Amino acid sequence: MKHLHLAIIPDGNRRWAKNRSLLPWNGHEKAVENFRTLTDFCREHARIAILTVWCFSTENWKRDKKEVLAIMRLLEDYLKRERESFLKNNTRFVHSGRRDRIQKSLAALIEDTEAMTKDCDGFTLHLAVDYGGKDEVVRALHRLMKIPDEAKEVDEAALRNYLDHPELPDIDLILRSSGEQRTSNFFLWQAAYAEWVFNEKHFPDITVNDLEAAIREFDARKRRYGG
């Protein structure tokens, strides 16, 4: 039965490009190609129900404007090309993060793709765009504060209900590429008890074999949840 929530932090796209004397966005272009392959693998995997991928963080706005625009263009092109296949493959698409700072055309495309795939229940593709864990919690608190005091009970369950996608189960396994070994503000609430696997490869070089190896490592661990 599908139940595993796998997340990927796809680091190393720019380093991959630099090693080949290419421009930074060439690395992102290669990453999108690889992302399609990995998504197909996850969709067909007997255990993976949800794939979460961090595409652009709240801190990534600090990057060169040309690179930021290239990433946004790649995201928009990806959704335009793939959204019909989401329906064909019974894939629900959801987004976490802010929508007020990205291009209006991308925000509209995200909203439309979410709406058209809302009834798909075979697999969930969850993209984090303009996303930060702290930012999500702050936005959830703002939503919670709008509730009348007499109806407000602030506890974990109440706050969770105001996260971007409270219906999604917590993350089980996080794969981070390019040798980086830190949490970096990635789904701080949902990853509280996630298992982490770190891979030295830059993301454009990550293969389905790397995902399979990460799942094997996950299976070899014993999750105690503090008990």
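Reader: At what angle do helix H3 and helix H4 pack?
Author: This is a predicted model. Two packed helices are described by the angle between their axes and the distance between the axes. Here H3 covers residues 65-88 and H4 covers residues 104-116. Their axes lie 10 Å apart, and the angle is about 15 degrees.

Reader: Is H3 roughly parallel or roughly antiparallel to H4?
Author: The angle between H3 and H4 is about 15 degrees. Angles under 35 degrees count as roughly parallel. Therefore H3 is, relative to H4, roughly parallel.

Reader: Is the crossing of H3 and H4 left-handed or right-handed?
Author: The contact uses residues of both helices. H3 contributes Met-72, Leu-75 and Phe-86, among others. H4 contributes residues including Leu-106, Leu-109 and Ile-110. H3 passes H4 in a crossing that is left-handed.

Reader: How many residues of the contact of H3 with H4 are nonpolar?
Author: Leu-79 and Leu-87 of H3 are among the residues in this contact, as is Met-116 of H4. Two contact residues are polar and five are charged. The nonpolar ones number nine.

Reader: Which strands stand at the edges of the sheet?
Author: Six strands form an open sheet with parallel pairing. The order is E3-E4-E2-E1-E5-E6. An edge strand here has a single partner, so one side of it is left without a neighbour in the sheet. The edge strands are E3 (91-96) and E6 (195-198).

Reader: What is the bridge partner of Leu-6 in E5?
Author: Strand E1 spans residues 4-9, and strand E5 spans residues 173-176. They run parallel and are joined by four bridges. In E5, the partner of Leu-6 is Leu-173.

Reader: What angle does the direction of H3 make with that of E2?
Author: Neighbouring strands of the sheet are turned by 20 degrees against each other on average, direction ignored. H3 packs on this sheet and touches E2 (48-57), E3 and E4 (123-131). With the direction of E2, that of H3 makes about 155 degrees.

Reader: Is Arg-63 exposed or partly exposed?
Author: Arg-63 sits in the loop between E2 and H3. Beyond its neighbours within four places in sequence, Arg-63 contacts Arg-14, His-28, Val-68 and Ile-71. Its relative accessibility is 25%, so Arg-63 counts as partly exposed.

Reader: Is Asn-34 buried or exposed?
Author: Asn-34 lies in helix H2 (residues 24-44). Not counting residues up to four places away in sequence, Asn-34 touches Phe-203, Pro-204, Asp-205 and Ile-206. Buried means under 20% relative accessible area. Asn-34 has 11%, so Asn-34 is buried.

Methods. Residues numbered from 1 in each chain as written. Predicted model: local features only at pLDDT ≥ 70, side-chain atom pairs only at ≥ 80, totals over all residues. Heavy atoms only, no water. Axes fitted to C-alpha atoms, helices over the stretch in contact; angles between N-to-C directions. Helix = DSSP H or I, 4+ residues; strand = E, 2+ residues; numbered from the N terminus. Parallel < 35°, antiparallel > 145°, perpendicular 65-115°, else oblique. Left-handed = near helix turned anticlockwise from the far one by under 90°. Contact = heavy atoms within 4.5 Å. Nonpolar A, V, L, I, M, F, W, Y, C, P; charged D, E, K, R; others polar. Pairing = 2+ DSSP bridges. Buried < 20%, exposed > 50% of the residue type's maximum accessible area, 1.4 Å probe, protein only.
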